[in-house]
Amino acid sequence: AAAPAPAPAAPVVDDADREAVSHTVDLLRHLRADGRGGQAHAVLVEAAHGPAERLPLLARRLEAAGLATDWTTLLWEAAALPPEDVLSAAEHLTDGGRSADGGRLLRQGMARPAAAIGDAVLRLTTQGRPAAARAVVDAYLRTRSTAEAAQVARTDPALLVPLLRESALALSDDLHDELLLALRVAGVDPDSARPQAG
């Protein structure tokens, strides 16, 4: 019999993280009890911009406190972070046993204009972060259509077409074939990586 797959490593959460999460949950509980929804929302926005490793614990504590709706709102706010931060948050959620939340965050976070994804990948590349750029492209291809991915390529075909093709091919031959067709339909030559005239 095959050996069971090892459990994912638990994210490292130190005492400062636990204290911060407890403070956030207590504050939200009091604000909700006092009917101060605007201030509660500000707390959720701040938490969404906080350290990603706190998210799995925060999710569990909010749900245990009867604040599951606030967790949903926090995820929505986290989806508006830069794509590379969305990816990091989704990975921490998945590693922390919250794979459904991680997948939902990834889908929401990649649902932004193609040009914004293209700009993010270009920014990561110019910052010397090719692994992060590749991870964003992989996430986009997993969650969006190839037609949308082809629009991402229009931002900078010379850089993005090869990256998209490599990622698509690593995922599946069929996805790569679909991407090639989508690139042609979008007016981007998948071989020369330059927009076609006309």
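What is the volume of the largest pocket? Okay, hi everyone. One caution before I answer: what we're looking at is a predicted model. In this model, the largest pocket comes out at about 220 Å³.

So who lines that pocket? The elements that each give two or more residues to the lining are α1 and α2. The largest share comes from α1, with five residues. If you want to click along, the lining includes Ala-20, Val-21, His-23, Thr-24 and Leu-27, and also Val-43, Glu-46 and Ala-47. By type, the lining splits into seven nonpolar residues, three polar and two charged.

Let's stop at one of those lining residues, Thr-24. Thr-24 sits in helix α1, which covers residues 15–33. Is Thr-24 buried or exposed? Its relative accessibility is 15%, and buried means under 20%, so Thr-24 counts as buried. Leaving aside residues up to four places away in sequence, Thr-24 touches Val-43, Ala-47 and Leu-58.

Now over to helix α4, residues 68–78. Which of its residues are buried? They're Asp-70, Trp-71, Leu-74, Leu-75, Glu-77 and Ala-78. Look down the axis of α4 and those buried residues fall within an arc of 160 degrees, so they line one face of the helix. Turned away from that buried side, you'll find the exposed residues Thr-69 and Trp-76.

And what do the buried residues of α4 pack against? Their partners are α1, α2 (37–48), α3 (55–64), α5 (83–95) and α6 (99–109). That brings us back to α1, the helix that holds Thr-24. Okay, that's me done!

Key:
Residues are numbered from 1 along each chain as its sequence is written. This is a predicted model: local features need pLDDT of at least 70, side-chain atom pairs count only at pLDDT 80 or more; totals for chains, interfaces and linings use all residues. Side-chain values use heavy atoms; hydrogens and water are left out. Helices (H or I, at least four residues) and strands (E, at least two) are DSSP runs, numbered from the N terminus. Buried means under 20% relative accessible area, exposed over 50%, partly exposed in between (1.4 Å probe, protein chains only). Contact means heavy atoms within 4.5 Å. The arc is that of the directions from the helix axis to the C-beta atoms. On a 1 Å grid over the protein atoms alone, a cavity is a set of points where a 1.4 Å probe fits but cannot get out, and a pocket is an open set with protein on both sides within 12 Å along at least five of seven lines; lining residues have an atom within 4 Å of a point. Grid points are joined across faces, edges and corners, and a volume is the space filled by probe spheres set on the points. Ala, Val, Leu, Ile, Met, Phe, Trp, Tyr, Cys and Pro count as nonpolar, Asp, Glu, Lys and Arg as charged, and the others, Gly among them, as polar.
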